Amino acid sequence: MTRYLAPLLFGLIGAAILVSLGSWQLRRLEWKEAVLAEIDARISGEAQPLPRMIAPDEQRYQPVALQGEILRGEIRVLVSQKQVGAGYRIISPFRVEGVTGGPRLLLLDRGFTADENKDAARSTGPVTVTGNLHWPDDRNSSTPENDVAANIWFARDIGAMAEVLQTEPLLVVAREIDPADPTIQPLPVSASGIPNDHLQYAITWFSLAVVWLIMTGYYIRRQSKTGKA
């Protein structure tokens with residue numbers, strides 16, 4: 001019997017490690033769900049005044065309700081939508097009225113337009129905008145450089161967009177624009193795009209623990225039949 005002790009301990013210890021990793025992922029899942037719930041609550045919260053001092057960590061997702069004027073000029077950021085295909089986010093300069101310190105010129109993410117509408121005449125003029133401040137993280141190591149000359153952008157690089165459109169480096173992502181442009185569908189910020197794979201990871205670790213125990217049992221059974229240590 002003692003000859004089975006080593007493989008049995010090896011199997012139990014290995015399974016215990018895998019189960020602990022799965023349990024850790026469940027704790028991470030609980031933490032992540034709380035974070036996402038907090039983000040959702042902030043996104044849909046009461047509108048707040050535009051900040052004078054920009055602090056992305058504190059102001060990300062801050063809801064705003066603004067009146068102003070969409071000006072001419074736009075930046076097109078290449079994106080894709082399910083069941084629609086390729087298209088562009090339309091970023092326009094937006095002059096905000098009725099704020100402390102006088103009018104301000106911001107970046108306004110108006111939403112998605114399909115590829116066939118990329119050259120369509122876009123509505124400008126007075127509007128009411130509800131949305132959220134955002135500092136998107138669109139760029140990674142594989143993101144191409146923006147083709148500014150051709151107006152094909154691959155990431156919402158706020159500093160570069162502000163320089164091109166001559167605005168403050170502050171982006172408002174629209175949830176609703178009144179009056180709306182029929183060629184543009186708003187793409188409001190949402191916590192749904194934030195990865196939350198901890199449940200899948202937990203299932204993977206627990207499944208590996210079960211497989212580990214099965215293989216351990218198979219090995220011990222095989223050794224008992226052959227009589228080999």
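The chat below goes through the overall form of a predicted protein model and then some of its residues.

Reader: Before we start, what does the model leave out, and what pLDDT do local features need?
Author: This is a predicted model, in which local features need pLDDT of at least 70 and side-chain atom pairs count only at pLDDT 80 or more, while totals for chains, interfaces and linings use all residues. Residues are numbered from 1 along each chain as its sequence is written, and side-chain values use heavy atoms, with hydrogens and water left out.

Reader: How many helices and strands are there, and in what order do the elements run?
Author: The protein has four helices and six strands, where helices (H or I, at least four residues) and strands (E, at least two) are DSSP runs numbered from the N terminus. Read from the N terminus, the order is α-α-β-β-β-β-β-α-β-α.

Reader: Is that compact or spread out?
Author: The protein is more spread out than a compact globule, because its radius of gyration is 27 Å, well over the 17 Å that the globule rule gives for 229 residues. That radius is taken over C-alpha atoms, and the rule is 2.2 Å times the number of residues to the power 0.38. Along the principal axes, the C-alpha atoms fill a box of roughly 85 × 35 × 25 Å.

Reader: What share of the residues is buried, and how much of the contacts comes from residues 24 or more positions apart?
Author: Buried residues make up 37% of the 229, with buried meaning under 20% relative accessible area (1.4 Å probe, protein chains only). Among contacts (heavy atoms within 4.5 Å) with a separation of 6 or more, 68% are between residues 24 or more positions apart.

Reader: Switching to S92, where is it, and why does it count as buried?
Author: S92 sits in strand β3, residues 85-96, and it counts as buried because its relative accessibility is 1%.

Reader: What does its side chain make a polar contact with?
Author: The S92 side chain pairs with the side chain of R110 at 3.3 Å; a polar contact is a pair of N or O atoms within 3.5 Å, one able to donate a hydrogen and the other to accept it within protein, and residues adjacent in sequence count only if both atoms are side-chain atoms. Leaving aside neighbours within four places in sequence, S92 is in contact with residues including I70, L106, R110 and L165.

Reader: What about T143, buried or exposed?
Author: T143 is buried at 14% relative accessible area, in the loop between β5 (125-133) and α3 (158-165). Its side chain reaches the backbone nitrogen of N140 at 2.9 Å.

Reader: Which residues have a positive phi, and which peptide bond is cis?
Author: Most residues other than glycine have a negative phi, and most peptide bonds are trans. Y61, however, has a positive phi of about 70°, and N151 has one near 55°. Y61 is in the loop between α2 (56-59) and β1 (63-70), whereas N151 is in the loop between β5 and α3. The peptide bond from D178 to P179 is cis, with omega near 0°.

How values were computed:
Buried < 20%, exposed > 50% of the residue type's maximum accessible area, 1.4 Å probe, protein only.
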